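Biologist: Please show me the structure, and then let us go through it by question and answer.

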Amino acid sequence: MNTNENKINHPIIKMRGICFGYSDASPILKDLDFDFFRGDKIGIIAPNGSGKTTLFHLIMGLIKPVYGEIEIFGRTMASETDFTDVRHRIGLLFQDADDQLFCPTVLEDVAFGPLNMGKSRKEALDISRRTLAFLGLSDFEKRITFKLSGGEKKLVSLATILSMEPEVLLLDEPLSGLDTRTRSVITRALTEMDVSYIIISHNINFLQSTTQSTRTLRDGRIVADDQVHVHVHDHAHVHGDVPHHH
Amino acid sequence: MIEEPFAIGHSVIHTTDPRIRVIAAVVFSFAVALCYGFTSLMFAFAVSVGSVLACRARLGQVIKRLALVNVFVLIFWFVLPFTYPGGATYSLGPLTLHQAGIVFAAKITLKSNAILLILIAFIATMTLATLGHTLGRLKVPEKLVFLLMITYRYVFVIAQEYQKIIKSIKIRGFTPKTTLHTYKTFAYVVGMLLIRASERADRVYNAMRCRGFKGTYYSLTEFRADRRSWIFLVTVFTATALVIAMEFLFRF
């Protein structure tokens, strides 16, 4: 493990004074501070365009902050090579599964990450098969990725991340456009795994059942979600098993 | 979209090691492309037809593909007999036909059809994905193989984007006419498609980087050349040798 990480209560992701934007006039993130600890399971619920996806891309090193410092696993992130290790240990699930899946067959796609991490072919295949089985996708190995349905694509995308056995998951709208069954597979997977994660979602019920707390982004900063008051009440009606809002 | 009507099957050819098939097809096609004798070309054509029969492809589909190529060959038939002088001449109304031109056109026809048929029999009988991995194993530059695979994957996504745009202009009552408005709309469609494709490319590349991609693409496919595959290779090489021998023996 890295230098600072063993210290008790030292965040695994630490962001200080992060500014990011495509123009100075309207920055997306402004002087953002963020601490994420091992074992944290948090949700981010915020309006469109408030910089949630940008936050994830900053953590993965896909974009660089204009100002500010990012420290991940106890190491300050400076160059592209610093992020190589981060990408092996943090898995990002993209909003659009079509961006994530690019191999002709499902098995190849799931094995892509492990192979990049230097696993042998046999190890990569083993872990890919285990991951697919975990998500109930055992029959999917030989399926052609672009011929899958939207829900299947999403689950396979998740498998391509999980097969790298990440310590942290960043999930960008994991439920959008999915049916009840696929949603419940994702919810179950998240509650069963021993992994820290951040979920961006608009679905309050989902965040309630999978996360410890929710945050929001306001004026380019992460703040405790004190504006949203969630109250759960039980009642019955037709299609009641479909996640919904009232 | 890209259909692969011949890719799935259980014939002798389908079950042969893809690497062997690619090598066989390349060697045979090169030999045929360099031959000029009628006898050797006839023989090569016969070998190709035999191979297509052996892979038990649906003949309707084969003919459909041949027809496409022969449209271009037909152009040679319209031009060569009148413009390629040599040998006996025949008059056809005001036009003069040259024997040499007719022979030349016939040779081109045989040659192109022989090559196309052998490619259908040996190469089209594997999926594009398999072909990609095969080329990788045969030491074709990694980047080219990668390009082939990525193209194959995303051509469908881009086609979907195209369908989406077309639908969205249709529901707003667009019908193509010969007007400036039509041309402008099509230009927008093409432009939008390019932008979306390039943005998609960025996102895909980012997703790949997130999964540790560093420029090397590992393949999971394992190929095994069994005894039958080697027999297959020897058979095709023998046929190729015969084509070349005929080229030198019968100079017609």
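**Helices and a sheet**

Modeller: Helix 2 of chain B and helix 4 of chain B are roughly parallel to each other (an angle under 35 degrees; over 145 is roughly antiparallel, 65 to 115 roughly perpendicular, the rest oblique). This is a predicted model in which local features need pLDDT of at least 70 and side-chain atom pairs count only at pLDDT 80 or more, while totals for chains, interfaces and linings use all residues. Residues are numbered from 1 along each chain as its sequence is written, and chains are lettered from A and ligands numbered from 1 in the order in which they are written.

Biologist: At what angle do helix 2 and helix 4 of chain B pack?

Modeller: Helices are DSSP runs of H or I with at least four residues, and strands are runs of E with at least two, numbered from the N terminus. Axes are lines fitted to C-alpha atoms, for helices over the stretch in contact, and angles run from 0 to 180 degrees between N-to-C directions. For helix 2 (residues 38-54) and helix 4 (residues 99-122) of chain B, the axes are 8 Å apart and the angle is about 30°.

Biologist: What is the order of the strands in the open sheet of chain A?

Modeller: Two strands pair if DSSP finds at least two bridges between them. The sheet has 6 strands with mixed pairing, in the order 6-7-8-3-9-10. Each edge strand pairs on one side only, and these are strand 6 (90-93) and strand 10 (221-224) of chain A.

Biologist: Which residue is the bridge partner of A:Ile44 in strand 9 of chain A?

Modeller: Strand 3 (residues 41-44) and strand 9 (residues 213-218) of chain A run parallel and are joined by 3 bridges. In strand 9 of chain A, the partner of A:Ile44 is A:Arg215.
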